[in-house]
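Thanks for coming. I have one structure to go through today, so please look at the screen.

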Amino acid sequence: MAATYSFDIVSDFDTQELRNAVDQAMREINTRYDLKDTRTEIAIEKDRLVINTASEFTLSAVRDLLETRVVRRGLSLKILDYQEPENASGGRVRQVVLLRRGIPEDLGRQLVKQIRAEFKKVTPQIQGDAIRVSSKSKDDLQAVIQHLRGQDFPVALQFVNYR
């Protein structure tokens, strides 16, 4: 009897790593000469970040600094979904950054369709925010992973539970 192997395709990130990246960015903002008197804040909420700063110029600098820290902590920039900057009280600028988690339903269907079309010996299934891909051959699963890594998707994909 042949064993069945599988893995899951998910889009997730380590919340603690994001928290560490924001803490490092805040530490640098408080010590950098051009940013330390701007009273910039980056608030971490459940599914978003809120950047509150003095002007559009400092918002751009804070965004660059945050992205640098996020990449250094091993996270993808695709988890950050910047919304339009808005004016806050006192002439300040606020920007909400939504945190992307999970594979959207339409992208999930597109991925399943693509895997079925290119790899006949594997069976992909949508399971909530994840896609389970199973096959009788580990080599087929490795080929699917390599194929998906070579493409650019609007979300960061991780391959977990490989067994």
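This is a predicted model: local features need pLDDT of at least 70, side-chain atom pairs count only at pLDDT 80 or more; totals for chains, interfaces and linings use all residues.

Residues are numbered from 1 along each chain as its sequence is written, and side-chain values use heavy atoms, with hydrogens and water left out.

Some terms before we start. Helices (H or I, at least four residues) and strands (E, at least two) are DSSP runs, numbered from the N terminus. Axes are lines fitted to C-alpha atoms, for helices over the stretch in contact, and angles run from 0 to 180 degrees between N-to-C directions.

Start with helix H1, residues 15–31, and helix H2, residues 56–72, which pack at an angle of about 135° with axes 9 Å apart. H1 and H2 are therefore oblique to each other; under 35 degrees counts as roughly parallel, over 145 as roughly antiparallel, 65 to 115 as roughly perpendicular, and the rest as oblique. On the H1 side, the contact (heavy atoms within 4.5 Å) is made by Leu-18, Ala-21, Val-22, Gln-24, Ala-25, Glu-28 and Ile-29. H2 brings Val-62, Leu-65, Leu-66, Arg-69 and Val-70. By class, that gives nine nonpolar, one polar and two charged residues. Here Ala, Val, Leu, Ile, Met, Phe, Trp, Tyr, Cys and Pro count as nonpolar, Asp, Glu, Lys and Arg as charged, and the others, Gly among them, as polar.

The second pair is helix H3, residues 105–118, with helix H4, residues 138–149: their axes come within 11 Å and cross at roughly 125°. That makes H3 oblique to H4. H3 contributes Leu-111, Gln-114, Ile-115 and Glu-118 to the contact, and H4 contributes Val-144, His-147 and Leu-148. The classes here are four nonpolar, two polar and one charged.

Now the cores. A nonpolar core is a set of buried Ala, Val, Leu, Ile, Met, Phe, Trp, Tyr and Cys residues joined through side-chain atoms within 4.5 Å. Buried means under 20% relative accessible area, exposed over 50%, and partly exposed in between, with a 1.4 Å probe and protein chains only.

Which residues touch the most other members of the largest core? They are Leu-18, Ile-42 and Leu-49, out of 23 residues. H1, strand E3 (48–53), H2 and strand E6 (93–99) each give two or more residues to this core. A second, separate core has 19 residues, including Val-122, Val-144, Ile-145 and Val-155.

Finally, the single residues. Arg-39 lies in the loop between H1 and strand E2 (41–44). Arg-39 is not a glycine, yet has a positive phi of about 50°. Most residues other than glycine have a negative phi. At 61% relative accessibility, Arg-39 counts as exposed.

Leaving aside neighbours within four places in sequence, Asn-52 is in contact with Arg-39, Thr-40, Glu-41, Arg-92, Val-93 and Arg-94.

Arg-163 sits in the segment after strand E9 (158–160) and is exposed, at 53%. Beyond four places in sequence, Arg-163 touches Tyr-5, Ser-6 and Arg-132.
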